[in-house]
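Please read the following briefing alongside the sequence and the three-dimensional model.

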Amino acid sequence: MEGDPGRSTRHYGVHDRAVAALRARYDALPAGSPVRLAKRTSNLFRFGDRTTGPGLDVSAFDRVLEVDARRRTAQVQGMVTYERLVEATLRHGMMPLVVPQLKTITLGGAVAGLGIESTSYRSGLPHESVRELEVLTGDGQVVVARADNEHAGLLRAFPNSYGTLGYALRLEIELEPVRPYVRLRHRRFHDLAAAAAALDQLVATGRDGDHQVDFLDGVVFDRRDIVLTLASFVDDAPSTSDYTGQKIYYRSLRERAVDHLTVHDYLWRWDTDWFWCSRAFGAQHPLVRRLWPRRYRRSDVYHHLVALDRRHRLTERLDRRRGRPPQEAVVQDIEVPVGRLPEFMDFFHREIGISPIWLCPLRLRSDSPWPLYPLKPGETYVNVGFWSSVPLRPGQRPGHHNRLIEDEVAALGGHKSLYSTVHYSPEEFWAQYDGAAYTAAKRAYDPDGRLPDLYDKCVRT
């Protein structure tokens, strides 16, 4: 295994033993057999996956190895959740540059499958703050990829590869200092074009008048009701809100102009109600909320409930008995250039009709594109997140609405994330996600195809 021979065994001895054990388990698998991770948790929305083949237990890779506040870096194993990572870094007055919204997203998952949050307009995507990446590749090797070594191509191709090139075992990431509180200012708009123009200006300057903007996102409640949240680190707060109890964060955006949260509660403001999706389980009803234990009001619990429902088709059976039309799950995150956002939203309101909708601006830190998710450097995009279902009208086939979205996003020069359902043909898919770059990386690091193919994993399953 490649690495730094001078690193301290005090920090890395446990990790090195876990790597050695994982290599031994890999070597014990039948030659040429398919390989997959054996994971207990997932934030993917492909509940039909039934991957075959031996599973590699990676549960030992769930530690924060080191936080170096002086260098503003952390050494982290790939299966560490952001909940545990943030807990460790906040003790040092630091945070990762981008903290995805949900607590049980893992660092390795956010890098291999992309992640985003309200610092992305200034800090890009999670993989852009990775300085070093240790990977178990498809051919059973453990390599360390950096921008300045022979595995730099793997570092560039790893984002959006979804475990089809290898598995992240350890990552060195950049951190930034925090202050105790976050001040939120909710600015309302009644026109999408005006909101998009404001986003563009805020991303370009990073300021709102005299205020520095450290965090930026928004919610579209309907065509004429859009709220952008401009948030800034502060040292003091007159009082702080708590949205882990009876109050619900997304409703506060229309109820108050200014708010304050601790930095911890700001980072996890969306997790308690899974943005707004907890309403599907009754968790926003005042009586149900009082009875629902606070420790179970969190995204992973809701995800397990959805997985159970999908696996046993409970809602589908109930709708059929009640004579309701079949529902198509429309659970997606897409990016479009900020100038095309009004066009996309006009299409979305007309053809899809889901609300609320999350907006999160994004600008790459890098001056060159990342091959498998080739957003243009220097261009501002807006992530649009929508997570619900839409009734299928007579004659509409399953996937109808998702396919419409894919076509519109491509026409507007955007991309969509691959954590949920994908309907592209192979030609469309590889045109969107750089098939040539993927093929080159696959040949180099998984020549026998022991890991799944990206198209097979995201589309055919």
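The sulfur of Cys360 lies 16 Å from the closest cysteine sulfur, that of Cys277, which is too far for a bond, given that a disulfide is defined as a pair of cysteine sulfur atoms within 2.5 Å. By this rule the number of disulfides is zero. This is a predicted model, in which local features need a pLDDT of at least 70 and side-chain atom pairs count only at pLDDT 80 or more, while totals for chains, interfaces and linings use all residues. Residues are numbered from 1 along each chain as its sequence is written, and side-chain values use heavy atoms, with hydrogens and water left out.

**Cysteines and burial**

- Cys360 has 0% relative accessibility and therefore counts as buried, where buried means under 20% relative accessible area, exposed over 50%, and partly exposed in between (1.4 Å probe, protein chains only).
- Cys458 is likewise buried, with a relative accessible area of 2%.

**Confidence**

- The protein chain averages a pLDDT of 93, and 94% of the residues score at least 70; pLDDT is the predictor's confidence in each residue, from 0 to 100.
- Over residues 1-9 the pLDDT falls below 50, and this stretch has 15 contacts in the model beyond near neighbours in sequence, a contact being heavy atoms within 4.5 Å.
- Where pLDDT is low, the predicted coordinates should not be read in detail.

**The open sheet**

- Eight strands form an open sheet with antiparallel pairing, in the order 14-9-13-12-16-17-15-18; helices (H or I, at least four residues) and strands (E, at least two) are DSSP runs numbered from the N terminus, and two strands pair if DSSP finds at least two bridges between them.
- The edge strands, each pairing on one side only, are strand 14 (258-262) and strand 18 (415-416).
- Strand 15 and strand 18 run antiparallel and are joined by two bridges, and Glu335 has His415 in strand 18 as its bridge partner.

**Nonpolar cores**

- The largest nonpolar core has 87 residues, and those with the most contacts inside it are Leu133, Trp276, Trp358 and Phe429; such a core is a set of buried Ala, Val, Leu, Ile, Met, Phe, Trp, Tyr and Cys residues joined through side-chain atoms within 4.5 Å.
- Apart from this core lies another, of 35 residues, which includes Phe344, Met345, Phe348 and Leu412.
- Leaving aside residues up to four places away in sequence, Trp276 touches Val219, Tyr250, Trp270, Gln284, Pro356, Ile357, Trp358 and Trp387.

- In helix 12 (residues 341-351), the buried residues are Leu341, Phe344, Met345, Phe347, Phe348 and His349.
- These buried residues pack against helix 6 (192-205), strand 12 (215-222), strand 15 (327-337), strand 16 (357-362), strand 17 (381-391) and helix 13 (400-411).
- Helix 12 is followed by Gly353, which has a positive phi near 85°.
- In the loop between helix 12 and strand 16 is Pro356, which is joined to Ser355 by a cis peptide bond with omega of about -5°.

- Trp274, in the loop between helix 8 (263-267) and helix 9 (286-291), has a positive phi near 50° although the residue is not glycine, and counts as buried at 9% relative accessibility.
- Phe275, also a residue other than glycine, has a positive phi near 60°; Phe275 lies in the loop between helix 8 and helix 9 and is buried, with a relative accessible area of 6%.
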